[in-house]
Amino acid sequence: MRVVFAASECTPFAKTGGLADVVGALPRELAKLGHEVSVYIPFYSRVRKQIEGEPKYVIRSLTIPFRYYNRFVGVVDGGRHDNVQYYFIDAPELFDRRELYGPSGGEYTDNAERFALFCRAVIESAKLIGVPQVFHVHDWQAALIPVYLKTVYAADPLLRGAATVMTIHNAGYQGKFPPNTTEQLLLPWDVFTMDKLEMYDRFNFLKGGLVFSDMLTTVSRKYAEEIQTPEFGEHLDGVLKRRAADLRGILNGVDYSLWNPATDGNLAAHYSPESLAGKKDCRADLLHAFGLEEIADATPVIGIISRLATQKGFDIVAKITEELARRDVAIVALGAGDPSYENVFRNWAIRHASSVAVRIGYDEALSHKIEAGADMFLMPSRYEPSGLNQMYSLKYGTVPIVRATGGLDDTIEEWDAVAGKGTGFKFAGFDPNDLLAEIDRAIKAFGDKAGWTRLMLNGMARDYSWTLPAQQYVKVYEEAAQRRA
Ligand code: ADP
């Protein structure tokens with residue numbers, strides 16, 4: 001099949017979270033299956049920096065109309081890698097900025113215009129370069145593609161056959177803007193109704209995508225169920241329930257060419273299930289990087305890598321930092337985002353400098369070192385659509401401690417020391433006491449060396465590669481194309 005991916009992130013070009021990992025890996029897996037995939041992302045300044053020499057334009061100028069003016073957009077050839085073609089939408093006045101979405105986990109005020117322009121530019125560019133059978137759009141930033149296709153582009157003979165699949169990577173980010181966004185983006189007012197993209201008197205990008213796409217997917221089976229409930233649906237549960245027959249939960253995969261302790265170029269040593277010795281060197285290297293060389297071998301090290309947002313559950317961690325300090329455990333954390341959570345982490349490290357070390361920022365290489373060097377990995381998420389770090393942790397023999405939600409619940413099986421079965425530790429209530437009790441269980445299990453090795457090996461044996469998910473996506477594309485026909 002011919003498929004166009006449209007997304008706001010894609011590794012290795014631009015990443016803030018798991019979306020980038022998925023948009024980086026899935027197209028290559030689809031290409032391996034013989035499908036023709038191209039990927040469109042915005043030409044952010046950090047993408048521009050990765051281009052050698054002058055950008056090569058495949059399209060010099062597309063006209064993207066707004067209410068009182070036009071913008072003129074170029075399309076840069078991002079090259080062909082592993083049989084996937086990349087295109088970058090170039091609109092310097094909107095994308096040549098330091099951040100993808102806004103400063104310090106916040107939002108640029110013109111995000112509606114930025115990502116609406118991106119959506120229209122993908123459509124216009126596909127008309128010239130090649131219309132796919134399926135537009136596969138990701139999250140709110142690409143959600144207006146199905147909306148435009150079924151409204152202002154509905155009569156276009158070139159686009160009429162193109163189906164749309166929308167993937168929800170996180171229902172907590174919807175792209176909500178004032179009602180007059182409708183006019184500014186040149187959409188007819190009749191889309192601004194409760195059954196289309198209006199929600200509580202706001203213009204809602206994600207809701208538009210959910211209503212107008214032919215098929216919907218989200219990134220785990222559990223999250224597909226959760227978002228149909230008021231607790232997790234973020235007010236979209238009604239729409240999602242109405243579209244339940246068209247919604248599939250497909251778990252994210254892991255790109256093992258990037259995340260494998262036997263080959264990972266960021267590590268001090270390599271290791272595998274057959275030979276675990278290198279993990280000790282990785283641990284020493286990690287403790288050195290964080291200035292925690294004094295931590296004893298018998299003390300477990302808990303790693304954290306996260307966007308620091310309410311979703312990730314660090315408010316319950318903040319409530320147990322003093323209790324944790326009384327345990328024999330060390331913490332290494334890497335994260336950035338909401339300044340209030342960044343301060344929680346900074347204060348934690350200041351108060352307990354001998355056992356807690358924190359790096360505020362985004363650091364790809366360090367994230368690999370933490371996956372390899374820690375003994376345990378903590379993800380106490382309030383909700384977690386798929387979660388990738390717990391799957392990376394399994395591969396690295398770093399035992400996950402997770403809250404039983406979304407993809408975390410689907411991928412982690414509670415350790416049963418008697419049967420020698422399970423891959424991690426999982427608590428149900430979003431409650432500091434439940435979290436602490438689960439960490440205590442993990443610390444206790446760490447004391448039994450033979451049991452712990454079994455637990456590590458159980459996790460390392462799990463296979464979360466993209467092979468199966470890619471086949472599941474192809475099925476969804478076929479269903480979408482049938483519906484369109
Ligand atoms: P989300 O997409 O909600 O952020 P995921 O677990 O799906 O959560 O994916 C997070 C991805 O982002 C992982 O690849 C993780 O390693 C990476 N990541 C998150 N924060 C950082 C950071 N501060 N530095 C480096 N990598 C990070």
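Student: Which residues does Ser393 touch, not counting residues up to four places away in sequence?

Tutor: This is a predicted model, and in it Ser393 touches Glu371, Phe377, Thr398 and Pro400. Ser393 itself is placed in helix 15, which spans residues 389-395.

Student: Why is Ser393 called buried?

Tutor: Buried means under 20% relative accessible area. Ser393 has a relative accessible area of 0%, and therefore it is called buried.

Student: What makes the approach of the Ser393 side chain to the backbone oxygen of Asn389 a polar contact?

Tutor: The two are 2.7 Å apart.

Student: Let us turn to the ligand. Which of the 20 residues around the ligand come nearest?

Tutor: Lys15, Gly18, Asp21, Arg307 and Lys312 come nearest.

Student: How much of the ligand's area does the protein bury?

Tutor: The ligand exposes 560 Å² when taken alone, and the protein buries 94% of that.

Student: Which elements give two or more residues to the shell around the ligand?

Tutor: They are helix 1 (18-32), strand 13 (301-308), strand 14 (330-337) and helix 15. Strand 13 gives the most, with 3 residues. By residue class, the shell divides into 5 nonpolar, 9 polar and 6 charged.

Student: From which domains does the shell around the ligand draw at least three residues?

Tutor: It draws at least three residues from each of domain 1 (2-253 + 466-484) and domain 2 (277-460). The centres of these two domains, taken over C-alpha atoms, are separated by 33 Å. Their contact takes 20 residues from domain 1 and 21 residues from domain 2.

Student: Next, the backbone. Why is the peptide bond from Thr11 to Pro12 called cis?

Tutor: The omega of the bond from Thr11 to Pro12 is near 0°, and the bond is cis. Most peptide bonds are trans. Pro12 is found in the loop between strand 1 (2-6) and helix 1.

Student: What is the phi of Asp82, and what is that of Asn83?

Tutor: Asp82 has a positive phi of about 50° although it is not a glycine. Asn83, also a residue other than glycine, has a positive phi near 65°. Most residues other than glycine have a negative phi. Asp82 lies in the loop between strand 4 (70-81) and strand 5 (84-90), and Asn83 is found in that loop as well.

Student: How do you know that Asp82 is exposed?

Tutor: Its relative accessible area is 54%. Exposed means over 50%, so Asp82 is called exposed.

Student: Why is His35 counted as buried at 16% relative accessibility?

Tutor: The cut-off for buried is under 20%. The 16% of His35 falls under that value, so His35 counts as buried. His35 is placed in the loop between helix 1 and strand 2 (36-42). A polar atom of its side chain lies 2.8 Å from the backbone nitrogen of Met1. Leaving aside neighbours within four places in sequence, His35 is in contact with Met1, Leu30 and Val474.

Student: What makes Glu478 partly exposed?

Tutor: Partly exposed lies between the buried limit of 20% and the exposed limit of 50%. Glu478 has a relative accessible area of 39%, so it is partly exposed. Glu478 is found in helix 19 (residues 467-484).

Student: Is Leu210 buried or exposed, and how do you know?

Tutor: Leu210 has a relative accessible area of 0%, which is under 20%, so it is buried. Leu210 is found in helix 7 (residues 205-212). Beyond its neighbours within four places in sequence, its contacts include Met166, Ile168, Leu216 and Leu236.

Note on methods
Residues numbered from 1 in each chain as written. Predicted model: local features only at pLDDT ≥ 70, side-chain atom pairs only at ≥ 80, totals over all residues. Heavy atoms only, no water. Helix = DSSP H or I, 4+ residues; strand = E, 2+ residues; numbered from the N terminus. Buried < 20%, exposed > 50% of the residue type's maximum accessible area, 1.4 Å probe, protein only. Polar contact = N/O pair within 3.5 Å; in protein donor to acceptor, adjacent residues only side chain to side chain. Contact = heavy atoms within 4.5 Å. Near = heavy atom within 4 Å. Areas by Shrake-Rupley, 256 points an atom, 1.4 Å probe, with all protein chains shown as cover. Nonpolar A, V, L, I, M, F, W, Y, C, P; charged D, E, K, R; others polar. Domains from an automatic or database assignment.
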